[in-house]
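Reader: Please show me the model and take me through it.

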Amino acid sequence: MNNRLFYILTALGLIVFPFAIHPIGGYPGLATDILILGIGAIGFNLLLGYAGLLSYGQAMFYGVGSYVALLTVTRFFPQVHSIWLALLLAVVFATVMAFVIGAVTVRLYGIYFALLTLAFAQMFFFIVFQWRSLTRGDDGLQGITAPPLSLGPWSLDLTATLPDLNLGPFGNLHDVHYWYPFAAIITFGVLIFVRVLVRSQYGEILAAIRENEERSTFVGFDPKLYKIAAFTIAGMLTGLSGALKGLSQTATAVDSLDIDTSGNFVIFTVVGGVKTLFGPLLGTGIVWYLQNVIGGKTDAWRLIEGLIFVAVIVLLPAGLLGIRQPARLPYDVDRGRGRRSYPSQLPDVVGDEPILVVKSLSRYFGKFAAVSDVNFRVRTGELRAVIGPNGAGKTTFFNVLAGLLGASEGAIYFKGHDITRMPGPQRVALGVAKAFQTANVYPDETVFQNVRLAALARVQGMFRPEFLRASRRLDEVAELAHDALEMLDLASMSEVRVGDLSHGDKKRLDIAVALATQPEILLLDEPVAGMSIEEVQKTDRLMRGLAKRMTVLIIEHDMDLIMGLSDSITVLHQGKVLAEGTPAEIRANRLVQEVYLGGHLQGELPDVKEHKT
Amino acid sequence: MTSAATMAANQNETLLELENVNTFYGDSHILKNLSLRVKRAETVALLGRNGMGKTTALKTIVGWVPPRSGKVLFDGADIAGREMMENARAGLSLVPEDRRIFTNLSVAENLRLAQVTAPRAGWSLTDVYARFPRLEERARNKGDEISGGEKQMLAIARALVQGSKLILLDEPTEGLAPLIVREVESIIRDIKSQGTTILLVEQNFYSALAVADRCYIVDQGTIRYEGTPDELRGNTEVLSRYLHV
Amino acid sequence: MLRREGSIDAIISQLPGTLLDGLIRGLAYVGIALGLTIVFGMLRLVNFAHGAFYIIGAYVGLVVTEHIGLWAGLIAAPIAVALFAIALDYGLLRRFYHRDPTSQILITFGVAIVVQEALRLMFTGTTRSYNVPGWLHGSLNLGFTQYPTYRVVFAIGIVFLVLAVWFFIERTNYGLIVRAGIRDRIMVQLLGGNVRQASTVIFALGGAIAGLVGAAASPIYSVDPNTGFNFLVPSFVVIVIGGLGSFWGAVLGGLLVGELQSLTTLISAPASDIVIYVAMAIVLLVRPSGLLGESDVIRG
């Protein structure tokens, strides 16, 4: 929906909300609470729905926000009689807290992440509980006079009510405190902010990371930084929520930091619909309504809440977290014109300096050595094939080179840099790109969008805090993407969705994605596996073209292809280097033939009798 | 076309038959109207380059990846899409490409598990240790403490212990040193001589030719060639086109 | 840390009792965590509803004991929980096995809420405790201190329970299928093993153990609907520290956490609540796979 319509509808909704709920037993105070808590839920949704992180500790930001806000009024700056300072301090505090905790926690996943956030929340609970001198511990803070809302000379007591006006079944205007419009305006701002955020470059990349984190890492995005940003923003919003709640009820207690409060945010968001903009508000509304209106009538309200929660999770189609994606901003694409961001020829076609040096590389899985003491040198511009029987360690070797796996022993030098411990995104930035054996692409995107994401990573780097704008330098990105597609002869299929691609086309797309990162060395893992003879020939031509522009390493089984294409060949067997040399040398190598072909000379067929001994 | 009588006779002879099987991985169409037949006590080899669908064919037979259409007839019954567990109990064993030895169990426990889950008696442990003395030496070692060749022996021994009628071998010589390759070929011949039917997938087609009675070549998900090892050896056109030899 | 001699003496005199308390608590944690870790190991299921098993067992034990007797209660509790677990498995959780852990946490969390609230409504949230047979009253002379008889018997009981479960998993044929299934479900099926049945059995067993511990521990820790959740989080702490999916990790972790909590009360009573979270945070940051767990388990 277009922006103006969105703003109008949202504004109308917020205006009407406190009255619309009147016929079902709601009241404006409830509406205020729902909005305030909803802001926290929206923050949580950013984590769960958009970043895919289940945090079980949001209460720490909520509670700290409420305490800091109230303490600002009573203790820190009692002379400043303004609500703005309280809100500001609370939000800043929560944001810094979230950044620090986020930096430490996002390296974990799933249950480990949830438990660590819980652990931190419990620690904050404990601190607040024990620090009686500051927080009054168990008693909490209460009986505070809330400061008014001040803007220059003009000041508004938020607890004052609107003038009297009867609205029939929808209540009376004078039931509404000024807290409601205040909260509503802030909520409106939050909604706009999150909407813009989700459609920004940051939001787009965050969504890509959610869709395929591994691929995103290996086109050059650093997922950790994106997740830390999400965690920080979520903490900021949750802190704001807590501060507003504390100020609006002029009291707070330690239970604002407890596990149930964290649990509440989970429930609000899930019930309302994860990964939607209004879902968290809806969920908060439903649950808060249950608690305060239904709860007044029956003790079973929490049971009902639990049942709704379970029902929502079970009934949601295709998994809880796979709902409608945010609409992408139409990007300004200038396709096909003003090309050339790629050198057509390398400065030195086959230079002398090795671009890649591997020393005594080993990789163990438990006691099993998948790669064992491998030494390997590749010159710039070389096309090197790595061959060997299945299980020889070829893919593991490539994975260690690319950074998917760590090395157990040994070292890797690329262009002189020691990249042995370097994380994936940095290697991609340096110029190491890998195409996967099983095509690893963004399954819900089109061909062009896939390649574009890789190009975006190349152009803008591992992380850019571009929260409010759509991607910039789009021409450059589009050009780079288009070049990659052209090289792989996929330009005609730009708009095809990945799901509609053939197996061979998906593999080519995977290679195109790797190319869009402008690598200096390209690792191809069985690029022609599963292809027909014609496709193989096409790929052969393609690889000759690539070999002119960059260094290429290929794992392959297709001996004809390898023999004709490679400058040199390395043979791996049981994790070790068995032989290395030119295609002619390898062809003549008896040891290689023994191992690869079970002891028979190539081209020579065994005598039947000789074998059935 | 064969007469009805001949076909009826063939039915009893045939232990496994695939009829126009189509298997998909998600949207990828891997097996395209694949048909083949294995007779009782036969050893049939499935050859072809990497990624052509050979492993998928075995997985389809055994129920690991159900076909979208087509028939899989085992001992007369259509088992297409039937569960792995049921097929195993009916006497169908798969020795997978990656062996899949239980690394948290000892060699002896790996064998005992195969005994426990099998509804019929196959080789006894004594028989196994007699034929595979190295496994007896390693009986107490955990699955991740034995060599690649020993893992392959163990994987095959598990199938023997289950007394299966049809053993599917996925690349049994893959990644093994040449000496061990010989041993595996010899074991396969022993299994064959006891009357068990074998369908094996092999990249190393020389190994396959050494043991097979008949060969199929799979390319791009369908059968392109069927013949005996002698016929295949003589057919240089097929060899170069499909196997790149 | 300690400055006054007086408090050192006080601490030392309290030490045996505290260590024993920690042992008892630790053994209770072991009992609960055992089911949790085995279920994770075999089914790859993160079960936030595990605390519900404990509390259902506690209440069933309570009701049956009040009407019939303690032994009946201790038999009825695990059976009732096992039946509940099987129903839950077939009705709901089955489709969440091997799904992403976030969905699993959410659905089991929901189940936990529903169970907790249902029990609260049924038992109107009052804390209850029940009496044990005469011979279990009083205390035993252990040489270096006196200690309540019931707790000593409880401890012995848990030890037997752990050994029995160990025997079942390590020495029986069924346990062989279970262990193989933990490592490679598909291969077990390819060998004709009924992994689905084994999965249900394991899930029911895990629940039954927790239920039995719930019933047996009630005279020590008393029972209210929140108890389930109160024991749930520490049991996750236990298996994280010990290593998710590791049997002995649950044992080691349980004992460590129990003693840690107990000993911390000597220094500062409120600190004992927080120390286990600090311990868990340290483990998660330094060695997420836990003390006895396997690495490469970090990813989800």
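Author: This is a predicted model, in which local features need pLDDT of at least 70 and side-chain atom pairs count only at pLDDT 80 or more, while totals for chains, interfaces and linings use all residues. Residues are numbered from 1 along each chain as its sequence is written, and chains are lettered from A and ligands numbered from 1 in the order in which they are written.

Reader: How many residues of chain C are in contact with chain A?

Author: Two residues are in contact if their C-beta atoms, placed from the backbone, lie within 7 Å. On the chain A side, 30 residues take part, and they meet, in chain C, 30 residues.

Reader: Which element gives the largest share of the side of chain C that touches chain A?

Author: Helices here are DSSP runs (H or I, at least four residues), numbered from the N terminus. Helix H4 (101-123), helix H9 (227-242) and helix H11 (271-286) of chain C each give two or more residues to that side. The largest share, 13 residues, comes from H4(C).

Reader: How are H2(C) and H3(C) oriented to each other?

Author: The axes, lines fitted to C-alpha atoms over the stretch in contact, with angles from 0 to 180 degrees between N-to-C directions, come within 8 Å and cross at roughly 140°. Angles under 35 degrees count as roughly parallel, over 145 as roughly antiparallel, 65 to 115 as roughly perpendicular and the rest as oblique. H2(C) and H3(C) are therefore oblique.

Reader: Which residues of H2(C) meet H3(C)?

Author: On the H3(C) side, the partners include Leu70(C), Gly73(C) and Phe84(C). From H2(C) come Phe53(C), Ile56(C), Gly57(C), Val60(C), Gly61(C), Val64(C) and Thr65(C).
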